[in-house]
Amino acid sequence: MPSRLTMVSGIQQLLTGERADPRAAQALFLVPLVVEFFLHLLPPESFDTDFAYGTAVALVPTLGAVAIARGLLASRWTTWLPVLDIVALGLYRMSDGTAIGVAVAFPAIWLGLQFGRRGVLVTTLTVLVCFVVPTLAKFGFTTAAFSRVAQITLMALICSAAVAMTAEMWKSQVELTRKNAARLEHALTDLIEQRRLTRTIVNGVDVGLVAIDEHGVYDTVNPRHREFMRLAYPQGHAGHAGQAGFVYDEDGVTLLASEQMPTTRAVGGEAFRDVLIWVGEEPSERRALAVSSTPYRRNDGEFAGAVLAYHDITELVQVSRVKDEFVASVSHELRTPLTSIIGYVDIILEDCEDLPADVRGYLVTVQRNARRLHRLVDDLLSTALHSVTKVLDIDRVSVSELLQRSALEAGKAATNAGLTLELDTSQQREELFVHGDSERLAQVFDNLLSNAIKYTPRGGHIVAALTQQDGQAVVCVQDTGRGISPAELGEVFTKFFRSSSVLTDAIPGIGLGLAITKTIVDAHGGEISVSSELGQGTTFEVRLPLPDPRSVPAA
Ligand code: ADP
């Protein structure tokens with residue numbers, strides 16, 4: 001007799017359609033049979049030949065089940081076991097005084113379970129052959145005989161079909177569960193790989209990374225940031241945002257208070273980019289870090305924490321400092337001789353009244369240009385570019401005249417460079433006046449024209465045009481030069497920007513002209529824009545607000 005566990009696993013195997021251990025199913029079938037057997041033995045006269053045949057036939061599938069389970073018989077014979085069980089029951093049924101026929105439910109269930117619809121068909125056919133034929137043969141075609149076999153057949157059919165349907169549903173459920181489990185496992189593997197990849201990136205990048213939760217507790221710190229933390233907190237860090245340490249403001253000397261720390265601001269939900277701080281106790285070892293913070297939120301939109309990135313920009317800051325120092329010292333060196341040139345030219349022009357007219361004219365040009373040069377050197381000297389506009393000498397200025405003068409001077413340089421320069425005022429015959437600093441505005445036009453000349457190859461054409469639109473004086477400087485790539489166009493007004501093609505071709509310049517130009521235009525309440533096509537040319541457009549005509553006295 002198989003153990004209980006073997007039976008359970010046998011039934012499970014039957015349910016899941018795997019190769020079943022037939023001993024479990026056969027053992028279940030044997031239970032009512034054994035009971036019936038003993039009941040029949042008690043009054044020995046009821047042990048008739050049909051009962052003996054039935055018992056003999058029932059032994060065959062029992063031995064067959066054991067043989068299949070032990071591998072002595074191929075498992076494909078399993079189908080025959082419940083069929084033989086039904087045959088045995090049919091024989092029992094022929095015996096008098098036994099109700100064992102109802103045990104047909106067991107093989108019917110077995111067949112339905114293990115072989116599904118096929119099992120239902122086999123059950124029905126076998127029951128018909130084994131029960132109907134003998135019963136009708138024994139009792140004749142009577143209503144009672146029909147009723148007996150109909151009951152048995154119907155019961156076997158219902159049992160088998162019900163179990164077959166349940167088994168099919170079960171199997172599809174099991175299949176679904178299997179598929180879901182496989183999908184989950186796949187997702188889990190993906191997740192693990194993703195985590196591994198993320199960890200590799202986080203640990204490998206040359207940027208300090210910290211993830212902080214909404215309470216300010218450090219969640220993740222990558223090795224690069226640990227180095228920064230060792231500098232800022234040589235005594236150790238408690239893993240909570242806002243700990244005071246050797247963390248300094250952008251000046252590199254003012255210690256940051258806890259509430260000013262980037263981590264504190266990040267925990268407050270603030271998003272920021274490139275906040276400059278310095279870390280380190282020893283001034284010589286201090287590092288400059290550009291800190292950015294990105295808050296992250298839960299699905300419901302609640303703040304869940306922040307990720308902070310720390311870029312080490314010490315070298316960059318030092319290079320920038322060196323550049324500023326270099327520019328400052330070069331400008332200072334230039335300023336002294338320039339002051340002297342301007343002074344002497346002023347003296348000559350004031351004191352020497354008998355100068356020939358053409359010489360006086362040349363000297364006036366020298367004086368004007370030397371003064372412009374002096375201003376430019378002053379701009380270079382001042383690190384804060386906006387200071388150039390702090391001392392605007394505002395007056396009523398003729399843009400038409402300024403542009404004409406700049407174009408006249410640029411014309412000579414253009415001719416020398418093999419270019420043609422055209423001043424187009426055809427759209428604006430009347431003189432246009434603005435409130436502004438004439439020297440500064442002249443500087444704007446000079447810069448744009450000199451750039452157009454500098455960045456246009458021989459044979460090119462430059463047009464300086466003046467128009468009036470929407471209450472603004474519009475000056476356009478258009479060239480047919482080398483142009484600027486779309487990727488670099490947005491940077492042209494940035495301090496020290498020089499396009500890559502200009503650098504490659506080693507065209508001299510320092511990249512300050514347009515930054516100064518924009519600052520001056522902005523200070524006049526105007527706008528400057530640029531459009532360009534690489535290899536085709538560039539157009540700069542300056543818009544300066546015209547004063548309200550009612551407030552301008554008639555010229
Ligand atoms: P600089 O001329 O000294 O380099 P600017 O600030 O005047 O400095 O110009 C910045 C950069 O913008 C130049 O180096 C050049 O690459 C680009 N640029 C300016 N004007 C033009 C132009 N008309 N055509 C093409 N590129 C220009």
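Two exercises follow, on a predicted model, each with a worked solution.

**Exercise 1. Compare the span of helix α5 with that of a straight helix of 35 residues, and find where α5 has its kink.**

Solution. 

Step 1. Start with the ideal case: at 1.5 Å a residue, a straight helix of 35 residues would span 51 Å.

Step 2. Now turn to helix α5, residues 105–139: its end C-alpha atoms are only 23 Å apart.

Step 3. Look along α5 for a bend, and you will find a kink of about 145° centred on F115.

Step 4. Carry on just past α5, where G140 has a positive phi of about 80°.

**Exercise 2. Describe where the ligand sits, which residues surround it, and which polar contacts its oxygen atoms make.**

Solution. 

Step 1. List the neighbours, using a cut-off of 4 Å between heavy atoms. The ligand is surrounded by 19 residues, and the closest are N451, Y455, R498, S499 and L514.

Step 2. Assign the shell to elements. At least two residues each come from α12 (438–454), α15 (513–523) and β13 (537–545). Of these, α12 gives the most, with three residues.

Step 3. A ligand oxygen lies 3.1 Å from a side-chain N or O atom of K454. Polar backbone atoms also take part: one of G513 is 3.2 Å from a ligand oxygen, and one of L514 is 2.8 Å from a ligand oxygen.

Step 4. Finish with the burial: the ligand alone exposes 530 Å², and the protein buries 97% of that.

Conventions
Residues are numbered from 1 along each chain as its sequence is written. This is a predicted model: local features need pLDDT of at least 70, side-chain atom pairs count only at pLDDT 80 or more; totals for chains, interfaces and linings use all residues. Side-chain values use heavy atoms; hydrogens and water are left out. Helices (H or I, at least four residues) and strands (E, at least two) are DSSP runs, numbered from the N terminus. The expected span of a helix is 1.5 Å times one less than its number of residues. The bend at a residue is the angle between axes fitted to the seven residues ending there and the seven starting there. A polar contact is a pair of N or O atoms within 3.5 Å; within protein, one must be able to donate a hydrogen and the other to accept it, and residues adjacent in sequence count only if both atoms are side-chain atoms. Accessible areas come from the Shrake-Rupley method with a 1.4 Å probe; for residues, only the protein chains shown count as cover.
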